[in-house]
Amino acid sequence: MDTTTGLHQTSDFYQENVPAVSSPTHDGLEFWQFMIAGSIAGSVEHMAMFPVDTLKTRMQAITSSYKTPAITLRQSLGSILKLEGLGGLYRGIAAMGLGAGPAHAVYFSVYETCKKFLSAGNPNNSMAHAASGVFATVASDAVLTPMDVVKQRLQLKGSPYKGVVDCVKRVVVEEGIGAFYASYRTTVVMNAPFTAVHFATYEAAKKGLMDVSPESGGNGDDNETLLVHATAGAAAGALAAAITTPLDVVKTQLQCQGVCGCDRFSSSSIGDVIQTILKKDGYGGLIRGWIPRMLFHAPAAAICWSTYESAKTFFQQINGRNSSVN
């Protein structure tokens with residue numbers, strides 16, 4: 001079922017057929033169903049692509065006070081497999097598992113709620129999709145950032161932490177609770193444009209693909225397929241990732257500062273971190289890890305969106321059967 005063009009038809013149907021005790025938002029789903037669908041999608045996405053994320057973190061972490069030569073994706077992968085084995089690619093995955101589900105539950109439920117109110121009756125309103133994405137990321141980042149800090153510190157080469165619990169305890173004792181949110185401002189500044197580009201591109205690409213899809217007869221009707229969601233998601237993820245790589249490098253520096261030789265900064269100012277990177281590594285330092293970042297976000301977005309839409313379809317079918325029974 002089309003998540004945008006079928007908005008009004010779905011809303012009318014449920015107003016007429018669902019009992020008064022039910023409180024669906026739109027697309028025939030209730031708020032908690034969006035949360036569960038988003039939680040499943042986010043968890044599947046991050047677990048599937050975690051090794052690529054580890055490679056990105058290793059490439060972005062600057063571990064000396066002088067200019068460091070850039071390492072390639074192949075060199076990073078080879079080093080991890082040689083010195084740490086396959087398990088080295090998955091170190092820190094428990095932290096992401098704890099954070100991804102709740103964060104994406106917030107992410108998608110806020111997105112769907114905002115999209116409903118901001119679309120103003122126009123399901124193809126790209127500005128509404130972009131703005132909804134920004135609201136969603138501000139909320140979800142507040143949930144995910146602490147576990148992302150733990151995850152990245154565990155991903156570092158020679159990480160001094162034994163695991164998630166040990167990392168959390170030592171950070172609280174040695175640096176204070178604030179260390180978990182040192183990168184929050186940078187994360188929001190990065191993810192706001194990332195999400196705006198991502199959602200606007202996804203919705204536009206999905207509509208374009210539906211217009212030319214043989215299964216929809218070229219009319220862009222409700223005949224969506226997983227291939228459409230995956231393709232649109234991959235395009236959106238790749239573009240958004242490429243645009244925001246410099247801010248992702250800054251985020252990594254702030255989250256890993258003072259660990260395994262990484263620089264420590266006197267403040268969490270984005271400008272100060274950028275100046276430090278430029279002084280040491282030039283403009284090339286701001287795009288470290290752009291290849292694994294794109295390799296992560298393109299398939300990750302495809303996995304996330306196709307899983308999310310599949311979960312929504314499942315709930316729609318359940319709600320439809322319940323409505324028929326009632």
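User: How many cavities of 30 Å³ or more does the structure hold?
Analyst: This is a predicted model, where local features need pLDDT of at least 70, side-chain atom pairs count only at pLDDT 80 or more, and totals for chains, interfaces and linings use all residues. Residues are numbered from 1 along each chain as its sequence is written, and side-chain values use heavy atoms, with hydrogens and water left out. On a 1 Å grid over the protein atoms alone, a cavity is a set of points where a 1.4 Å probe fits but cannot get out. The number of cavities of 30 Å³ or more is two.

User: What volume does the largest cavity have?
Analyst: Grid points are joined across faces, edges and corners, and a volume is the space filled by probe spheres set on the points. For the largest cavity that gives about 590 Å³.

User: Which residues lie nearest the centre of the largest cavity?
Analyst: Lining residues have an atom within 4 Å of a point. The largest cavity has 34 of them. By class, 14 are nonpolar, eleven polar and nine charged (Ala, Val, Leu, Ile, Met, Phe, Trp, Tyr, Cys and Pro count as nonpolar, Asp, Glu, Lys and Arg as charged, the others, Gly among them, as polar). Nearest the centre lie Glu45, His46, Leu144, Asn191 and His297.

User: How are H2 and H5 placed relative to each other?
Analyst: Helices are DSSP runs (H or I, at least four residues), numbered from the N terminus. Axes are lines fitted to C-alpha atoms, for helices over the stretch in contact, and angles run from 0 to 180 degrees between N-to-C directions. The axes of H2 and H5 come within 9 Å and cross at roughly 75 degrees. Angles of 65 to 115 degrees count as roughly perpendicular, so H2 and H5 are roughly perpendicular.

User: Which residues in H3 meet H2?
Analyst: The axes of H2 and H3 are 10 Å apart, at an angle of about 105 degrees. Contact means heavy atoms within 4.5 Å. On the H2 side are Thr54, Leu55, Arg58 and Met59. They meet Leu73, Ser76, Leu77 and Ile80 in H3.

User: Why is the pair of phenylalanine 108 and tryptophan 305 classed as it is?
Analyst: Rings of Phe, Tyr and Trp (its six-membered ring) pair if their centres lie within 6.5 Å, and planes over 60 degrees apart count as edge-to-face. Here the centres are 5.5 Å apart and the planes stand at 85 degrees, so the pair is edge-to-face.

Terms used. On a 1 Å grid over the protein atoms alone, a cavity is a set of points where a 1.4 Å probe fits but cannot get out, and a pocket is an open set with protein on both sides within 12 Å along at least five of seven lines; lining residues have an atom within 4 Å of a point. Helices (H or I, at least four residues) and strands (E, at least two) are DSSP runs, numbered from the N terminus. Angles under 35 degrees count as roughly parallel, over 145 as roughly antiparallel, 65 to 115 as roughly perpendicular and the rest as oblique. Rings of Phe, Tyr and Trp (its six-membered ring) pair if their centres lie within 6.5 Å; planes under 30 degrees apart count as stacked, over 60 as edge-to-face and the rest as tilted.
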